[in-house]
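Biologist: I am new to this structure and would be grateful for a guided discussion. May we take it up once it is displayed?

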Amino acid sequence: MRRVVVTGLGAVTPFGAGIKPYWAGLAGGACAIRPLTLIDAGGFRCRIAAEVPGATGGSPRRSRADRLALGAALEALEDAGLTAADRADTALVTGAVGGGMLEAEAWYWARARGERPPGWAAALRAILPGSHAETLGHRLGLGGPRHTVVTACSSGAVALAEAADLIADGVVDVALAGGVDAMTRMCFMGFNALKLLDPEPCRPFDRDRRGMSIGEGAAFVVLETAERARARGVRVYAELAGHGMTTDAFHVTAPEPEGDGMVRAMRAALAAAGESAAAVGYVNAHGTATSQNDRIEARAIARVFGEGRLLVSSIKSMIGHTMAAAGGLEAVATILTLTEALIPPTATLVTPDPEVAFDCVPGVAREAAVECAISNSFGFGGQNVTLLFRHAAS
Amino acid sequence: MEAKEVIDELKTILVARLKFDPRRAAEVAETTPLPKGVEGSIGLDSLDFIELSIAIEEKFDVVMDESEDLSAHFASFDTLSRFIVGRRGPA
Amino acid sequence: MDRRAVVVTGVGVVNSVVVGASPALGTWLAQPRAAARVAVGHGRPAARLPEATLAGLVDPAEGRRLSRVCQLTIAAARLAVAESGVDPACGLGLVVGTELGDFTSTIAFADGYLARGAAGLSALLFPNTVMNTMAATTAIAVAARELALTLNVPTVAGELAVARGFAAVASGRVDAVLAGGVDELDPLVAEMLDALGDDAVRGEGATFLVLEAEAVARARGAAVLGRIDGAAWRSLAARPWGVGRRAESRAIDEARRRAGGRVPGFVYASASGDAERDGWESRVLAAALGDVPPAASLGALLGQHGGLGALRVAAAAWTARSGLLPDDAGGPPARVSGPGLVHGLARGGGHVALMVSAA
């Protein structure tokens with residue numbers, strides 16, 4: 001069985017462009033959830049989100065989401081030291097949901113006002129989630145197998161799992177995988193309509209939590225076989241040792257109340273990695289701060305790992321729920337937790353929910369040498385993924 | 001506004017917002033159970049109730065605070081119309 | 001990784017000329033008639049499904065909460081599962097390919113807000129604005145609890161979904177996968193595709209196949225409709241939505257290699273009237289195969305949509321069994337033998353190849 005390791009990281013986040021400001025923000029327990037600027041939140045109860053600050057770089061002709069994706073993907077490829085020849089055989093798996101919806105919305109809104117704005121063909125071309133893969137593949141010279149997965153909030157994590165399968169199955173030796181989502185009116189309005197947003201920054205696992213915060217960003221990682229990484233002497237961040245993917249098949253928005261799908265995903269990841277539950281020291285939770293998710297997820301974690309002992313935190317407390325990017329951003333955070341021996345906090349947690357049987361690392365990052373960590377992503381429609389990362393030294 | 005008017009509007013909402021067939025909506029009695037899982041109900045689930053709340057807020061100009069537990073009021077059109085009339089206060 | 005043999009045990013097709021399982025598809029393939037085309041918005045005429053078709057396939061109480069494209073998906077998925085007789089409780093995965101997702105609901109959701117502000121937002125419509133809605137609703141309808149993927153790519157969505165489903169079963173990760181594709185027609189989308197220079201004849205519908213590990217299928221006495229001997233997906237260099245210049249064919253080579261290096265006796269290609277793209281595909285096939293064997297596409301007959309690629313895989317199994325390859329121009333079928341190559345090539349470079357034989 002070919003082992004899959006992580007050799008490159010890239011991210012554009014509500015803390016800015018690049019892995020360094022991302023980790024600095026997470027380690028510092030900073031909350032990047034602020035009043036919205038990219039879209040008009042008038043008439044909604046919630047008017048805050050975690051936006052990527054400042055200019056995103058890249059051509060203004062491209063959709064915002066494409067620019068975020070390019071920034072993160074380029075950083076990962078350069079971090080891994082992949083040459084043009086390497087890239088010609090590198091697979092690409094992208095997790096996406098909104099695509100270029102932000103620009104398409106602007107066009108559609110203008111059209112509703114009776115205008116005929118320019119640039120509409122380009123906006124519509126970029127709207128489909130699959131378009132990021134075409135842009136990245138073309139612009140970055142990625143010539144291997146290419147596909148786009150849309151699994152709602154777990155898309156970014158599914159992308160990494162898919163890429164790991166391509167490598168483990170011997171289809172390719174190297175892959176770039178990750179997720180991206182830019183702020184969109186549709187997403188923001190929709191979650192408002194479902195009454196799932198907290199008017200204040202979200203508080204995962206807090207007794208008084210009142211819902212999610214939306215975020216945006218992009219994260220990509222380079223995966224390759226352990227053998228290839230060793231042969232070319234590149235630094236290995238961690239091993240992607242296993243993953244589990246299940247479906248609740250219960251309801252289009254509500255999670256299945258017993259968390260069976262979540263439990264199966266976590267157990268499948270452990271089994272695939274050949275690890276016991278006791279080996280896992282940290283769970284980077286899906287932790288959206290909705291009443292239902294956090295309660296059900298915490299119970300599911302307890303069913304798999306027992307109560308207490310392991311540490312759990314949700315970085316959505318700092319960067320919000322970044323939709324298709326979440327699985328990628330949270331995988332990167334989990335990987336850095338291993339390399340830096342530091343657990344990012346649930347920054348906004350004030351009063352731990354007594355129903356949650358874990359230390360959720362309130363407020364301040366916690367030093368901890370962790371050998372194995374998992375990252376959970378549980379998407380709308382019961383699309384569950386768990387990724388298991390093992391410390392490079394293990 | 002009287003309870004009967006409210007119920008007529010609720011039936012309109014069933015068709016316009018919840019995609020019920022108009023004949024089916026017309027057949028719903030005051031005491032027909034609304035929530036899924038209750039015998040003889042019209043099978044509304046959590047997402048239907050959210051949609052219904054949005055429509056009720058707009059149509060009747062009432063506020064439904066999500067922190068309140070309003071589930072008892074959603075048992076039937078009878079309980080729902082009383083709730084709405086009560087929320088609206090005197091005409 | 002284990003390499004298990006993968007067979008097709010069920011087919012479900014819902015489009016404007018074929019509704020049913022493999023017998024219905026076979027009847028049509030024996031004498032394919034073109035779908036009637038009607039104007040869709042300001043767009044070109046396209047092959048639209050008559051409303052009565054779906055009304056007959058989905059129960060009204062269930063259908064109330066399902067958007068049209070979800071109804072299409074569930075109808076086809078159920079037909080395939082019923083024909084196959086597979087028990088979802090034993091572990092069923094789901095892979096849905098789509099080019100356009102639920103555009104209709106997305107536009108309706110936006111229109112609600114534009115007309116009436118926040119009060120005009122529909123909670124019921126919102127989940128449909130995310131492209132996994134067909135997979136999410138179908139997973140509920142058929143109780144598929146293993147992986148459930150939605151893959152988005154132009155033109156080759158159906159082929160890619162079947163190739164991905166094949167990989168999941170062949171690698172031993174899951175014993176059965178429901179794989180296929182779906183798309184519906186929407187006026188705004190027709191306008192958009194025109195503007196992007198995509199000249200393909202458009203259609204709508206869904207086709208799903210049940211793929212199973214051969215040993216497992218035979219052990220439970222399932223009827224085997226065909227075997228997928230190899231499948232691969234790669235990419236060819238092209239601008240987004242553009243047509244490339246290179247004709248190298250790593251996907252075809254790899255699919256054939258997995259199938260034991262066999263030479264295909266016939267081809268189902270992904271042509272549907274987009275002249276530039278169709279020309280590129282011809283060059284790629286010629287580069288890979290030299291003398292290209294008899295080829296059919298069904299694209300102009302049925303109209304391009306996400307389900308078509310999966311339909312072609314089912315058609316290839318039928319052709320491998322019957323020795324008949326339908327004529328896209330309506331003439332008599334060609335007599336062919338041997339395994340078939342199902343080939344898809346998309347603007348932007350998505351590239352899929354599958355080798356299909358009679359089992």
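Biologist: How many residues of chain B are in contact with chain C?
Modeller: This is a predicted model in which local features need pLDDT of at least 70 and side-chain atom pairs count only at pLDDT 80 or more, while totals for chains, interfaces and linings use all residues. Residues are numbered from 1 along each chain as its sequence is written, and chains are lettered from A and ligands numbered from 1 in the order in which they are written. Two residues are in contact if their C-beta atoms, placed from the backbone, lie within 7 Å. Chain C contributes eight residues, and the number from chain B is 11.

Biologist: How many residues does chain A bring to its contact with chain C?
Modeller: Chain C supplies 47 residues to this contact. On the side of chain A, the number is 48.

Biologist: Which element gives the largest share of the side of chain C that touches chain A?
Modeller: Several elements of chain C each supply at least two residues, including helix 5 (103-116) and strand 4 (148-152). Helices (H or I, at least four residues) and strands (E, at least two) are DSSP runs, numbered from the N terminus. The largest share is five residues, and it comes from strand 4 of chain C.

Biologist: What is the radius of gyration of chain A?
Modeller: The radius is taken over C-alpha atoms, and the globule rule is 2.2 Å times the number of residues to the power 0.38. For 394 residues, a compact globule would have a value near 21 Å, with which chain A agrees at 19 Å.

Biologist: How many helices and strands does chain A have?
Modeller: The C-alpha atoms of chain A fill a box of roughly 60 × 55 × 40 Å along the principal axes. Within chain A there are 13 helices and 16 strands.
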